[in-house]
Amino acid sequence: MKNLFLVLAMLLFLLVNADAFEVSLLFNNKESISRELKMDARKEALAWALRHPLGEELSKTSILALKDTFSALEKRNSNCDLGLILGLGKDALKYGLIDRFEEVTSFINYLRSSDLIDDLLFRLMRNSLATLNEIERRTGHKVPIRPINLYTRLNGGINLREFFDPMNKIPDDQKTCTIDTYFSMTNKLSFKNKEDRDLELYKLHYRGVREKIIDLKTFNKLEALRKTNVLDWPLYFKQYTDIIHNAKDKLTKKPETKSETHFPVEYVSRRERVTQRGRLFQNFSSTQVMMLAQIIQRTAQRMDAKQASLQWDYNDPIGEREIYVLSPMEQYRVALKMLRKDMAEIMRSEAFKNTSLDYDHLIAAAYETGIVKSDDLEYVLKFEDFWNPKTPKWQAYARFAFSLAGTATFYFPPPWNVLGALGLIFTQTKVLNGNQRPDADDNWNVII
Amino acid sequence: MKLRPISILTTLVLSSAYGGSEDKFPVLVRKETSNRTHIIKKSLPDLIDLESFDGKHFKIVLGKSNRSIRFDESQDLILKAATVYHHLSESRKFWINDMKSDVAEALPKVTVRLEISNQFDELGHFANDNRAPQFNNALSVPEGETPSWVPQERKDKWGKEIWFRPMKKILTKDLGTLGPNPMTLALKRLENPLMNYLLGQFNVRLMENIFYANYVTRPLHEDAIRYAGTLALMKVMIQGSKYTDKLFMEKYYYLDTAMVPEITYHEYAHLILSDKLEMSHSTPVVEGMADYFAAVQSKKRKVYAKVPGFSNASYKDTREKSKYSHWDESDRNSSSDFTLSVLWDVRETLGEEVADQVIYLARNYLRTRSSTISDGLLRSILRACDVACKSPTRDKLKLYETFRWKGF
């Protein structure tokens with residue numbers, strides 16, 4: 001009887017926890033430094049944490065709040081960006097982490113500074129919070145003055161009632177999301193570029209409120225969305241959760257707890273503050289990330305294979321065949337060449353629809369899925385050097401300098417021209433040619 | 001003639017060092033900071049006989065004799081026997097303490113033969129005395145016994161042995177070709193850059209002649225002749241340098257293997273590695289591995305360096321920069337330092353402790369069918385890394401890069 005109760009209790013526990021979100025997925029174990037949290041904000045967050053009444057319990061309680069928020073979102077199957085920050089604020093209030101919603105900024109700064117979340121989620125939360133604050137700030141604003149050239153050829157003919165219809169249903173940011181609704185609205189628009197799109201939207205918002213299709217509150221909300229560039233965020237919650245749930249550390253049994261490499265936080269675009277990891281989340285779905293990571297996994301398996309061979313089945317009646325066993329270095333080189341081939345194949349595949357891939361995408365994906373660890377990353381990155389060797393800058397400058405100096409020696413008076421030329425040749429042989437990597441083609445003992 | 005001063009010196013040191021003292025013997029060792037040698041007094045561990053070089057782990061004998069060398073033998077022989085005994089004891093200590101080798105721990109007593117010129121005969125232990133006597137080298141001998149059909153009076157049974165051949169001065173030219181001398185090599189390295197430079201210069205002159213003909217005072221053909229002359233001179237110098245071999249080598253070659261400490265380490269390493277590395281394995285691989293452990297014990301960049309009066313053989317460089325060539329696999333090149341340099345690169349890549357273990361472990365994975373440097377050796381090192389490296393994935397990637405730089 002006692003055992004039956006125990007089994008029932010365990011089943012109940014499993015049932016209750018089946019919906020619970022695995023909060024450790026959110027912890028930052030991929031970014032060695034934060035690109036988003038500035039020094040001042042970090043100091044402020046630390047000071048906030050130090051004077052917090054929860055003291056040492058702050059971290060544990062924050063995790064509980066995060067767990068509740070994400071479990072609720074998961075249960076509702078909701079991926080609303082604004083809903084995320086609203087829910088987190090509510091749970092933070094519930095656990096006594098903050099006294100009022102305005103303190104959420106300090107709270108998310110604390111979450112990032114203590115690595116309970118990563119840069120991508122932090123930026124997403126900060127963007128959502130900025131939009132919510134802008135919506136709040138605009139409450140009660142009056143209708144602005146009429147924009148110039150209100151009716152344009154591109155969007156003059158738009159049916160405003162149909163255009164604003166989704167917004168009139170007022171998204172609750174639980175089941176229906178404000179930002180998603182705004183996206184679906186703007187999809188109907190025609191525009192030349194980002195700036196043009198924003199101007200067109202402003203004109204349409206104005207016409208909507210003037211022609212009483214939307215009320216002033218909705219107008220202000222739409223303007224807040226436009227002003228906070230919600231259409232141009234590098235990453236949205238839906239994309240983030242997709243990769244976190246379905247790809248992050250999925251190909252390793254022992255995920256790292258801390259990142260030691262700078263590669264994931266290297267800037268791909270400094271102007272837009274997009275990192276290698278950010279670009280991966282931005283451009284690919286979890287399925288694509290797994291496919292990219294598997295290319296690296298397969299390459300590692302090929303390198304590690306006990307043996308690899310080439311087989312020729314001769315075109316003769318006896319059926320004679322020849323098997324050539326590759327040496328370890330041939331196996332290594334073949335594995336790298338096949339990696340490049342795999343990249344070409346996956347680019348042409350339906351799943352990637354001719355997307356241009358580069359090697360960094362693969363590495364970022366392999367790192368995200370946990371196949372490649374921080375320690376190994378530096379060496380895995382060198383694979384590309386095999387088929388795409390880069391001339392270091394110093395070598396390019398040195399070549400240029402040597403070519404100039406070579407011409408200059410021609411004009412020196414004897415015997416300096418001869419001495420100069422000899423000195424130059426010596427230096428060039430030592431500096432430029434001395435460090436040349438051997439070519440496998442020079443090795444008669446290998447075929448590749 | 002070179003032998004005379006060192007012989008006098010040796011005699012002086014010996015007479016002062018071994019003046020009746022039974023517990024300390026004159027031993028030739030290298031200085032800690034250089035490859036220079038000196039003779040110092042050392043006590044020999046684990047001697048079980050009070051009158052001869054018969055120890056718990058080693059017995060030093062002369063030639064085919066089975067009696068250990070007595071302390072009242074000639075001073076030169078005492079020096080040689082004591083030096084070998086001392087370095088073998090050091091080597092044993094290294095294998096047991098540093099390498100944690102069970103093989104070394106369990107190795108039965110080894111007979112060490114000095115001044116033996118007979119060839120080794122797998123069926124009879126010693127080949128006949130008149131069969132091409134051997135000099136200037138050393139070898140390790142696997143245990144064995146004569147077959148049952150051998151007559152009773154010639155029956156023999158022996159354990160693991162190390163043989164040191166007598167030293168003999170031979171003319172260097174009799175050793176055959178030793179490859180291009182350093183001057184030829186240096187000039188050959190300069191040939192291509194010089195050619196490129198001259199072509200570049202000629203192009204500049206050509207362009208000047210075409211576009212700024214009025215400003216050029218010297219006709220183009222004069223420069224062309226100068227450039228051609230320079231190239232021809234270079235070719236002549238390269239050809240000429242081939243006749244300067246004498247400048248770079250000594251007239252005679254001699255090697256008293258018992259008096260070169262690293263050769264003793266090398267031969268002992270063969271005994272330890274022979275539990276897995278049989279004679280059927282590639283000679284460059286087997287020799288390279290023994291060289292590696294000799295180099296580790298010597299703690300010197302250049303191993304087997306000259307020992308005045310005893311050896312003028314050239315050293316092996318652990319940091320030899322040459323790239324892999326298929327000729328490195330041939331038995332003819334088994335005495336080159338290429339395999340040693342590959343293994344030393346592994347040491348620099350993985351760190352001393354890990355690399356020593358990886359290379360020792362690698363012998364388990366060497367297979368006769370693929371016992372080559374480029375295949376068997378590399379494959380077994382990579383496999384051993386799976387077991388002994390701290391982070392196998394990372395370290396193997398580092399190894400691939402190392403091997404790539406070595407030209408594999």
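## A helix crossing in chain B

A crossing is left-handed if the near helix is turned anticlockwise from the far one by less than a right angle, and right-handed if clockwise. In this predicted model, α7(B) passes α8(B) in a right-handed crossing. Helices here are DSSP runs (H or I, at least four residues), as are strands (E, at least two), numbered from the N terminus.

Helix α7 of chain B covers residues 261-273, and helix α8 of chain B covers residues 283-298. They pack at about 130°, with axes 8 Å apart. Axes are lines fitted to C-alpha atoms, for helices over the stretch in contact, and angles run from 0 to 180 degrees between N-to-C directions. The two helices are therefore oblique to each other (under 35 degrees is roughly parallel, over 145 roughly antiparallel, 65 to 115 roughly perpendicular, the rest oblique).

## Where chains A and B touch

Contact means C-beta atoms, placed from the backbone, within 7 Å. Chain B gives 29 residues and chain A gives 21 residues. On the side of chain B, α12(B) gives the most, with nine residues.

## Chain A as a whole

Chain A has 19 helices and four strands. Its C-alpha atoms fill a box of roughly 85 × 80 × 60 Å, taken along the principal axes. Among contacts between residues at least 6 apart in sequence, 74% join residues at least 24 apart.

## Reading the model

Residues are numbered from 1 along each chain as its sequence is written, while chains are lettered from A and ligands numbered from 1 in the order in which they are written. Local features need pLDDT of at least 70, side-chain atom pairs count only at pLDDT 80 or more, and totals for chains, interfaces and linings use all residues.

Conventions. Two residues are in contact if their C-beta atoms, placed from the backbone, lie within 7 Å.
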